[in-house]
Amino acid sequence: MSPTRRKLTTIFCADVQDYSRLMGKDEEGTLAALKRSRDAMARLIEAREGRVVNTWGDGVIAEFPSVVEAVRAAIDVQNELAGLNAERHGEARMDYRIGLNLGDVIADGDDLYGDGVNIAARLQASAPAGGIVISSTVYDQVRNKLAVGFEFLGALTVKNIDGGVPSYVVQIGMAEGTVSQKGGSGRGRPGALSDRGTPAADTGAGRATIVERTAADRRLFGVLAVAAAAVVAVNLLSWDGTFWGRWPLFALALIGVLRCLWTSTRLDRGLALLGAAGFAVLAVNLLSWEGRFWAVWPLLGIAVVAGIRWVTRRPGR
């Protein structure tokens with residue numbers, strides 16, 4: 001019997017959306033489609049140097065030594081399966097959901113166990129039909145290496161994981177803009193993403209749609225900047241010796257800070273929010289200065305709570 005050992009790996013977890021319903025309507029047709037999709041998935045996983053760890057029912061677990069190749073394989077899989085779905089219409093479609101996580105696992109022979117696998121399964125369960133959801137550990141490794149977009153979902157609740165797992169949807173699509181549209185004769189080519197991480201020319205099987213999450217942030221901060229400029233202009237044009245614009249400017253700055261904290265995956269959200277509260281208290285004291293630094297007591301309380309949060313948080317967070 002092989003001894004157990006720990007290792008860091010990228011876990012790929014996939015299953016079929018509404019598999020029980022499909023089996024209830026057409027067992028033989030569903031099993032035939034499942035075999036075709038599983039054969040295609042195994043081939044594409046192997047092409048990206050991955051290994052199928054286990055299969056059960058409609059589920060597949062695989063692992064990859066490379067995080068980037070794991071995401072590429074997931075995109076390849078969804079693109080090829082979208083082409084296979086061109087042969088199945090309406091409620092007969094077989095759409096897979098895929099979750100990816102980079103984490104520490106226990107290897108026992110060819111099998112993998114541990115929170116790293118459980119997180120991948122939870123991400124897969126949260127993915128839309130035909131979609132891919134990744135953990136923040138995967139996102140941190142691939143966000144500057146692949147020409148696809150990512151949409152932050154927030155922290156998914158996972159058993160035994162304090163604070164949840166920050167997750168992202170990988171924004172992929174067909175030429176028509178969704179994973180589930182029909183494919184053409186070029187389906188199944190792993191070149192849906194080139195080796196350099198850029199979308200290949202339209203192959204008919206589908207291509208990655210670049211949807212940058214940062215565009216929404218740029219729009220928000222642009223709106224905040226215009227609003228701030230308008231407040232300053234109105235204050236100056238109606239000047240009566242009072243700079244009343246400091247309060248709306250403070251509110252706009254606080255909105256920007258909270259937005260950054262909400263979308264960040266690199267900060268402990270509890271500590272970050274306490275930091276924002278401290279900033280707000282200090283700013284209010286200074287903006288309403290009357291010769292007394294009363295903020296010292298609320299700041300002390302916030303510092304104590306932050307210290308407790310720091311020493312009681314889980315390692316690695």
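Mentor: Start with the contacts of Asn-235. Leaving aside neighbours within four places in sequence, Asn-235 is in contact with Thr-242, Phe-243, Trp-244 and Gly-245. Keep in mind that this is a predicted model. Asn-235 itself sits in helix 6, which covers residues 213-237. One of its contacts can be described by atoms: the side chain of Asn-235 reaches the backbone oxygen of Thr-242 at 3.2 Å. Is Asn-235 buried or exposed? Its relative accessibility is 0%, and buried means under 20%, so Asn-235 counts as buried.

Now turn to strand 4. Strand 4 spans residues 96-108, and ten of its 13 residues are buried. Which strands pair with it? Take them in turn.

Strand 1, residues 5-16, pairs with strand 4 in the antiparallel sense, over twelve bridges. Within that pairing, Arg-6 has Ile-106 of strand 4 as its bridge partner.

Strand 6, residues 132-135, pairs with strand 4 in the parallel sense, over three bridges. Here Gly-99 has Val-133 of strand 6 as its bridge partner.

Strand 5, residues 111-113, runs antiparallel to strand 4, and three bridges join the two. Ala-107 stands opposite Leu-112 of strand 5. Strands 4 and 5 form a hairpin, with two residues between them. Look at Gly-109 in that turn: its phi is positive, about 65°.

How values were computed: Residues are numbered from 1 along each chain as its sequence is written. This is a predicted model: local features need pLDDT of at least 70, side-chain atom pairs count only at pLDDT 80 or more; totals for chains, interfaces and linings use all residues. Side-chain values use heavy atoms; hydrogens and water are left out. Buried means under 20% relative accessible area, exposed over 50%, partly exposed in between (1.4 Å probe, protein chains only). Helices (H or I, at least four residues) and strands (E, at least two) are DSSP runs, numbered from the N terminus. Two strands pair if DSSP finds at least two bridges between them. A polar contact is a pair of N or O atoms within 3.5 Å; within protein, one must be able to donate a hydrogen and the other to accept it, and residues adjacent in sequence count only if both atoms are side-chain atoms. Contact means heavy atoms within 4.5 Å.
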